[in-house]
Amino acid sequence: MYSLNVRDHFMIAHSFRGSTFGPAQELHGATYVVDATFRRETLDAEGLVIDIGRAAKALDTVLAGLNYRNLDEEPAFRGRNTTTEFLAREIHGRLVAAIRAGDLGPGAGDLASLCVTLHESHVAWGSYEGPV
C-alpha cells in the first residue's frame, strides 16, 4: 500500500459534558496538528498516490471551516462532545466529500483509504481511518 501525507493545523475552542472530562468541562482552547494520509494499492500513471498540492489545498479548505471557531456554538456539533477522535472522523468525512466532488483530481477516485490524525500535543493524538 502506498501513502501520501499532508499536514496542517487549526485552533478551536470547546467544552465537554460529563465528569470524565474534569476541568475540560469548562470552555478551553485547543490547537491541533492534523495529518491526512491518503492510501492506494497502486500508483497512478504519473507515479503518484495523489497530487500533493491538491491534497494540501483540500485539507486547508476543510480546516478553514473549523479554525478559530467555538465548536460549542456550531449547529452541526450541538450536543456533541467534540473530542479529538470525534473531530478526526468529522475531518475524514469532509475530505472524503471533497474527493467525491472531484476537488482532488481524477486520480483520487482510486484511493483506497484515508487516515486523519489529530495531534493534541506531542504526547497525545487520535485518528480515524476509513475507506474513501
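Where does Thr 20 lie relative to β1 (2-14) and β2 (28-40)? In this predicted model, Thr 20 is found in the loop between those two strands. The strands β1 and β2 belong to an open, five-stranded sheet with mixed pairing, and the helices α1 and α2 lie across strands of that sheet.

- Although 59 residues separate Thr 20 from Gly 79 in sequence, the C-alpha atoms of Thr 20 and Gly 79 are 16 Å apart in space.

**The sheet**

- The five strands of the open sheet follow the order β3-β1-β2-β4-β5, and the pairing is mixed; the edge strands are β3 (69-70) and β5 (125-131), each of which pairs on one side only.
- Strands of a sheet pair through backbone hydrogen bonds, in either a parallel or an antiparallel sense.
- Strand β4, residues 113-119, pairs with β2 in the antiparallel sense over seven bridges, and within this pairing Ser 113 of β4 is the bridge partner of Arg 39.
- On its other pairing, β4 meets β5, again in the antiparallel sense and over seven bridges, with Ser 113 standing opposite Pro 131 of β5.
- The strands β4 and β5 form a hairpin, and five residues lie between them.

**Burial and side-chain direction in β4**

- How many of the seven residues of β4 are buried? Seven of the seven are, so β4 is largely enclosed by the rest of the structure.
- In a regular strand the side chains alternate between the two faces of the sheet.
- Ser 113, Cys 115, Thr 117 and His 119 point one way from β4, whereas Leu 114, Val 116 and Leu 118 point the other way, and all of these residues are buried.

**The helices against the sheet**

- Helix α1, which covers residues 52-64, lies across β1, β2 and β3 and runs at about 20 degrees to β1.
- Helix α2, which covers residues 84-100, lies across β1, β2, β4 and β5 and runs at about 140 degrees to β4.

**The nonpolar core**

- In soluble globular proteins, nonpolar side chains tend to be buried together.
- The largest nonpolar core here has 34 residues, and those with the most contacts inside it are Phe 10, Phe 38, Ile 50, Ile 91, Leu 95, Leu 104 and Leu 118.
- Two or more residues of this core come from each of β1, β2, α1, α2 and β4, and α2 gives the most, with eight residues.
- Ile 50 is in contact with Leu 4, Phe 38, Ala 55, Leu 104, Ala 108 and Leu 111, when its neighbours within four places in sequence are left aside.

**Aromatic pairs**

- The structure holds three aromatic pairs, and one of them is the stacked pair of Phe 10 and Tyr 32, with 5.3 Å centre to centre and 25 degrees between the planes.
- This pair links distant parts of the chain, since Phe 10 is in strand β1 and Tyr 32 is in strand β2, 22 residues apart; both Phe 10 and Tyr 32 are buried.
- Phe 16 and Phe 21 form a tilted aromatic pair, with 4.6 Å centre to centre and 35 degrees between the planes.

**Two polar side-chain contacts**

- Thr 82 sits in the loop between β3 and α2 and counts as buried because its relative accessibility is 1%.
- The side chain of Thr 82 makes a polar contact of 2.8 Å with the side chain of His 14; not counting residues up to four places away in sequence, Thr 82 touches His 14, Phe 16, Leu 71, Phe 77 and Leu 87.
- His 119 is in strand β4 and, at 19% relative accessibility, counts as buried, because the class takes in values under 20%.
- The side chain of His 119 makes a polar contact of 2.7 Å with the side chain of Asp 35.
- Not counting residues up to four places away in sequence, His 119 touches several residues, among them Arg 7, Tyr 32, Asp 35 and Trp 125.

Terms used:
Residues are numbered from 1 along each chain as its sequence is written. This is a predicted model: local features need pLDDT of at least 70, side-chain atom pairs count only at pLDDT 80 or more; totals for chains, interfaces and linings use all residues. Side-chain values use heavy atoms; hydrogens and water are left out. Helices (H or I, at least four residues) and strands (E, at least two) are DSSP runs, numbered from the N terminus. Two strands pair if DSSP finds at least two bridges between them. Contact means heavy atoms within 4.5 Å. Axes are lines fitted to C-alpha atoms, for helices over the stretch in contact, and angles run from 0 to 180 degrees between N-to-C directions. A nonpolar core is a set of buried Ala, Val, Leu, Ile, Met, Phe, Trp, Tyr and Cys residues joined through side-chain atoms within 4.5 Å. Buried means under 20% relative accessible area, exposed over 50%, partly exposed in between (1.4 Å probe, protein chains only). Rings of Phe, Tyr and Trp (its six-membered ring) pair if their centres lie within 6.5 Å; planes under 30 degrees apart count as stacked, over 60 as edge-to-face and the rest as tilted. A polar contact is a pair of N or O atoms within 3.5 Å; within protein, one must be able to donate a hydrogen and the other to accept it, and residues adjacent in sequence count only if both atoms are side-chain atoms.
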